[in-house]
Amino acid sequence: MKTVLFCAALLCGGVALAAEPAAKKGAAPKPVAAAPSANVAAELAEADALFAKKSYPEALAKYTKLANAGNVMAQQHLGEMYFYGEAGSVDMDKAAQWFQKAAAKGNAVAIASLELMKQREARRADLDYWIAKYDGSDVRTNDYRCPAPRFPTMSKVNEEIDYYSGKMKDWETCHNRWVKQLNASLPLTKRIPDDIAKLMTKDETEKANVHLKEVGDRLAEDTKVAGRMVVADFDAWRAGTEAYVKEHNEMVKNAPPPDNDK
């Protein structure tokens with residue numbers, strides 16, 4: 001039926017042309033109407049230009065018009081706009097619908113996008129973990145856990161003084177090793193596996209960046225607070241011990257000499 005209608009249209013066009021009077025010699029030729037494909041290409045280029053300028057509502061309107069008319073490139077771009085949230089918000093259902101229309105016509109980008117969406121569904125738990133649930137526990141393993149030493153008010157004998165001084169040095173060594181590890185791990189976005197990062201939408205990437213920065217800031221702050229508490233306890237112990245040692249040495253120094261005659 002489509003072929004018959006197309007032929008009939010040609011015949012009608014032929015009759016209309018035959019009825020036209022011959023052009024006069026020297027007369028300007030009548031302008032030829034632009035081909036529909038040229039119009040579509042121009043509209044698509046205009047939509048692309050609007051998208052490039054981030055005029056997303058205007059680009060969306062033009063892509064939608066062209067996509068509904070069956071333009072495969074517009075269908076692909078429309079799917080991408082819904083996928084990445086440039087259509088106003090992320091809408092995976094609409095993205096899939098437009099990608100499916102474009103993929104049915106052999107559009108390679110749309111076919112790859114549908115495969116990407118399939119992978120996203122399979123890795124949903126991994127995506128959610130990095131976007132909102134990651135806690136930094138893989139950074140501070142047992143090798144970097146530094147139990148805070150407990151100090152008495154003071155120490156009165158050299159053996160005890162040496163013992164607690166050694167405890168502090170051990171803690172400092174562990175603490176400095178942890179600080180080095182933490183600094184090397186920041187920003188924590190570096191820890192997102194490549195195969196997960198490539199599945200994230202722009203919106204998800206931004207959320208992951210915010211969440212991981214909060215985790216990194218919390219780890220850094222906890223480290224500072226814990227370090228200050230240990231140092232404060234150590235300083236209090238040292239001050240008490242030094243005061244006792246000074247007082248004790250003064251007593252020894254000022255003590256009367258032993259009376260050997262007795």
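**Helix packing and cores in a predicted model**

Residues are numbered from 1 along each chain, and side-chain values use heavy atoms, without hydrogens and water.

Student: What does the secondary structure of the chain come to?
Tutor: It comes to 10 helices and zero strands, where helices are DSSP runs (H or I) of at least four residues and strands (E) of at least two.

Student: Why is α4 called roughly antiparallel to α5?
Tutor: The axes of α4 (residues 72-84) and α5 (residues 92-103) come within 8 Å and cross at roughly 160°. Angles run from 0 to 180 degrees between N-to-C directions, and those over 145 count as roughly antiparallel. Therefore α4 is roughly antiparallel to α5.

Student: Which residues of α4 meet α5?
Tutor: Among them are Val72, Leu78 and Phe83 in α4, which meet α5 residues including Met92, Trp98 and Phe99. Contact means heavy atoms within 4.5 Å.

Student: What makes a set of residues a nonpolar core?
Tutor: The set must hold buried Ala, Val, Leu, Ile, Met, Phe, Trp, Tyr and Cys residues joined through side-chain atoms within 4.5 Å. The largest such core here has 40 residues, and Leu78 and Ile192 are among those that touch the most other members. A second, separate core of 10 residues includes Phe151, Trp171, Phe234 and Trp237.

How values were computed
This is a predicted model: local features need pLDDT of at least 70, side-chain atom pairs count only at pLDDT 80 or more; totals for chains, interfaces and linings use all residues. Angles under 35 degrees count as roughly parallel, over 145 as roughly antiparallel, 65 to 115 as roughly perpendicular and the rest as oblique. Buried means under 20% relative accessible area, exposed over 50%, partly exposed in between (1.4 Å probe, protein chains only).
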